[in-house]
Amino acid sequence: MELEANQVPHEIIYVDEDGFNLAKRRRRGRNIIGQRATVTVPGQRGANITMCAAISNNGALLHKCQIGPYNTDRLLLFLEDLHERLVPEVERGQVGDHLPIYVITWDNVAFHHSRAVTAWFDAHPRMMSHFLAPYSPFLNPIEEFFSAWRWKVFDHRPHDQMSLLDAMDAACQDITAEHCQGWIRHAKRFFPRCLAREDIRCDVDENMWPNAEDRAE
């Protein structure tokens, strides 16, 4: 909001990581009445594969898959690739009010706060890091991206590690800029309520604890 008030050219980039493996499948399905819906799945779950992704109003900007969890070193490589994609080569190293700032908006996971990541942002003045408040995934539209992406991976029915990697990549291609714009608009609806310090209850809490006193505890 300060960037918009100062009319500073900027673009907000939403970043997060999510994992997948071969054992993940749809939990519900349809079949003839009275018969159980079944699906053939691999006998082994395989290694966990983590994908880091970045979205904006322009759609899915970048996604990179890695076997195992993301860490500081892998995140720095992702940020370098994202920087190269966002900032034209002729503008790298330049600063000025006429050049756009790219605001990386993400959660408070520990390695996002590491010294190496902080130093990387110091060395790239056109890139800004902005952390969301704790326990506020509804403020990051990339959560909706990963939810839709997960179902699209299911549709590709991966059966081994290579087909899973292909499915994860193909699922990102299926998500359009219009999808991302809708998720961003939805997340922004919560901004005024958060600034007003309203008590925002998620549907899960209300379903699990319908008594307001229980939720307060």
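Predicted model: local features only at pLDDT ≥ 70, side-chain atom pairs only at ≥ 80, totals over all residues.

In which strand is Leu62 found?

Modeller: Leu62 is found in strand β3, which covers residues 59–67. The relative accessibility of Leu62 is 7%. Leu62 therefore counts as buried, since the cut-off for a buried residue is under 20%.

The surroundings of Leu62 can be named. Leaving aside residues up to four places away in sequence, Leu62 touches Cys52, Ala53 and Ala54, and also Phe78, Asp81, Leu82 and Arg85. Helix α2 spans residues 72–86, and Phe78, one of the residues that Leu62 touches, lies within that span. A further pairing reaches along the chain: Leu62 and Cys172 are 110 residues apart in sequence, yet their C-alpha atoms are 9.2 Å apart in space.

Helix α2 leads on to another helix. In general, two packed helices are described by the angle between their axes and the distance between the axes. For α2 and α3, the latter being residues 115–123, the axes come within 9 Å and cross at roughly 20°. Angles under 35 degrees count as roughly parallel, and therefore α2 is roughly parallel to α3. The crossing in which α2 passes α3 is right-handed. On the α2 side, the residues that meet α3 are Thr72, Leu75, Leu76, Leu79, Glu80 and His83, while α3 contributes Ala116, Val117, Trp120 and Phe121.

The relative accessible area of Met1 is 70%, so Met1 is exposed, the cut-off being over 50%. Met1 and Phe191 are 190 residues apart in sequence, and their C-alpha atoms are 9.9 Å apart in space.

These details belong to a chain with nine helices and five strands. Along the sequence, these elements follow the pattern α-β-β-β-α-β-α-β-α-α-α-α-α-α. Of the 217 residues in the chain, 34% are buried, and Leu62 counts as a buried residue. Among contacts between residues at least 6 apart in sequence, 67% join residues at least 24 apart. Finally, the chain exposes about 13800 Å², of which carbon and sulfur atoms supply 50%.

Notes:
Residues numbered from 1 in each chain as written. Heavy atoms only, no water. Helix = DSSP H or I, 4+ residues; strand = E, 2+ residues; numbered from the N terminus. Buried < 20%, exposed > 50% of the residue type's maximum accessible area, 1.4 Å probe, protein only. Contact = heavy atoms within 4.5 Å. Areas by Shrake-Rupley, 256 points an atom, 1.4 Å probe, with all protein chains shown as cover. Axes fitted to C-alpha atoms, helices over the stretch in contact; angles between N-to-C directions. Parallel < 35°, antiparallel > 145°, perpendicular 65-115°, else oblique. Left-handed = near helix turned anticlockwise from the far one by under 90°.
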